[in-house]
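Dear colleague,

I am passing a structure on to you with this message. Please look through it first; my notes on it follow.

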Amino acid sequence: MDSTLRLIATNPVDHLARTVEALLVVASAPLSVAELAEAIEDDPERVETALGLLRERFSERRSGIVLEKDAGGYAFRASREASEACARLFERPVERGLSQAALETLAVVAYLGPCSRPEVARIRGVAADSAVASLVERGLISEAGRESGPGGAVRYRTTPLFERVFGLENLAALPRLDDLGASSGELRDRLLEVSAARAS
Amino acid sequence: MASLRAMPGVPVRELDLDLEAFEGPFDLLLTLLLREELEPGEVDVAAIVLAFVEHLAERDEIDLDACGEFLVLVSALLELKARLLFPDEAAEPDALEPEEAAEELARRLAEYRRMKEAAVWLAERLAGERDRWFRLGPAPLAPQPERRLAPQDPNALATALRALAVPPPAVSLSHMALRFPPVSQFLDRFRALLSRRRVFDFDGEVAGLSRVEQAVAFLALLELRKGGEVAISQSAPFAPIRISRADDERITTWTARSA
C-alpha cells in the first residue's frame, strides 16, 4: 500500500493531473488545453495525457463528478446518477422556460450567426426583439459587432455557455442544416406545379 | 360562411372552395393571389381552415396525405397573404412573376422550416441533457498580465525627481506687448522717398522690419493712396507692390488717351 502511494506521488503525469484537476475545480467555465498548459507552464501534450488520466478517473459510475469535454474545453459536471438530487437543490436558470420563439431564434443565430435581429425576423416572419433580449439575458447569445454601413444593426452569435448547456463540443456538432426540413424541394415543386397549372 | 366540397381521392388543391370573395378550386385561389388578381385581405384564411376541419369531422377516416397537403398550401396562403398585406417587406412580390413568387415563397418557407426543425432538435437535445448538472458562474477572471519593469536604480530615480524639481523656464510674454509705431512716421518716410525717386517697391522698403511695422507701413501707404498722393500698382497677386507719384500716373493716363 505504501509503495503504491509512493509510486503515485513520484509519477510526474499524476502530479500534473492533480494540478489540472485543481484548476478545473476552481474554474466556472470549460478550460481549453492551451489555457491549462499556460497556467501550469507545461507542455500541452502532457496536459492532454493528464486529462486522459482524469477522464478515466472522473467518469460515470466511478465518481460523483464527471470530466467532460464541451464548449471547446474541459469541465467537471455532476454524474447523471446524482441528477435527481441536484434537481431538488439547484435551479436551471438558463434553460428554464425557453419558449418556442426563443428556440427558433437560437437556432437561427447558431446556424447563421453572427446575424442581426432583422435577419432573424425575416426568417421567422415575426419580430425577434423579445426573443433576442431573453437569450442575451440568459447568456446563450451575445453581441458580435454590427452590420456594415452607417447605423448597422447589432449582430449576435451563440456563446460557449450555449454549447455547454446543449452539451455540444462546438458548433460543428450541430446537425447539418441540409439534413433538416428535407421536404423543402418538394414544397417548392408543389408550389411551382400549382402555379404552372394555372398559368397555362 | 365558407364551405368546402371534397371528393374521395381528389387532391386538396383541386377541392372547391365557396368563400365570400372566391368560389373555385384551392390552387386557383393561390394563383389568383400570386397574380394579384384577388385582394389578399378579402380572403378569410380562418374560414378555409374551419371549413376543412368540418370536412374532416364529417368523414370517418382521416386522409393524412390530404391533411399534409392542406397544411402546406394553407401555410403558403398565409405567408402570401401576410407578405401582400405588408408590401414594404423585402420580398417585393410586385416585381416578381407568379412562378418567381412561388419559388421565393417556397424558398422562404423551406428556410423557416429548416430553422423550425433545428429548434425542435435543440429542444430534444435540451431534454436529453436534463440530467447534466454543472456549475454556472461568471467567466473566470483572466490572469492579470505581469507588469514587466526594467531594473530600477535609486540614483536614477533621484536624478529624475531632481529634474522635475527644477522650476520651469519663464514663459516669454513679449509677443503680448505689441508696439505700434505711428503711421505718421511711415507717411513722412514715403513722402520723402517719393520726393527723391519717382517709383519704389513697397516690399523692398519694408524688408527687415517687423510684421507689425510692415502692417503700419501698409496702412500709411493706403492713407497716401486715399489722399491721392501716390499711385499703386501690382502686376499679379503677391507680386511686388510698386508705388509711384500720383501726378506721374495722371501723366501716363493722359499720354495713353492722347495716343
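In what order do the three strands of the open sheet in chain A stand? The order is β3-β5-β4, with antiparallel pairing; strands here are DSSP runs of E with at least two residues, helices are runs of H or I with at least four, and both are numbered from the N terminus. Two strands count as paired if DSSP finds at least two bridges between them.

This is a predicted model, in which local features need pLDDT of at least 70 and side-chain atom pairs count only at pLDDT 80 or more, while totals for chains, interfaces and linings use all residues. Residues are numbered from 1 along each chain as its sequence is written, and chains are lettered from A and ligands numbered from 1 in the order in which they are written.

In the chain A sheet, β3 (115-116) and β4 (141-146) are the edge strands, each with a single partner, so one side of each has no neighbour in the sheet. Two antiparallel bridges join β3(A) to β5(A) (residues 154-158), and Cys115(A) has Tyr156(A) as its bridge partner.

Chain B also holds an open antiparallel sheet of three strands, in the order β4-β6-β5. Its edges are β4 (199-201) and β5 (230-233). Four antiparallel bridges link β5(B) with β6(B) (residues 242-245), and Ser233(B) is partnered by Arg242(B).

Finally, helices α2 (residues 12-26) and α4 (residues 44-57) of chain A cross at roughly 80°, their axes coming within 8 Å; axes are lines fitted to C-alpha atoms over the stretch in contact, and angles run from 0 to 180 degrees between N-to-C directions.

Yours sincerely
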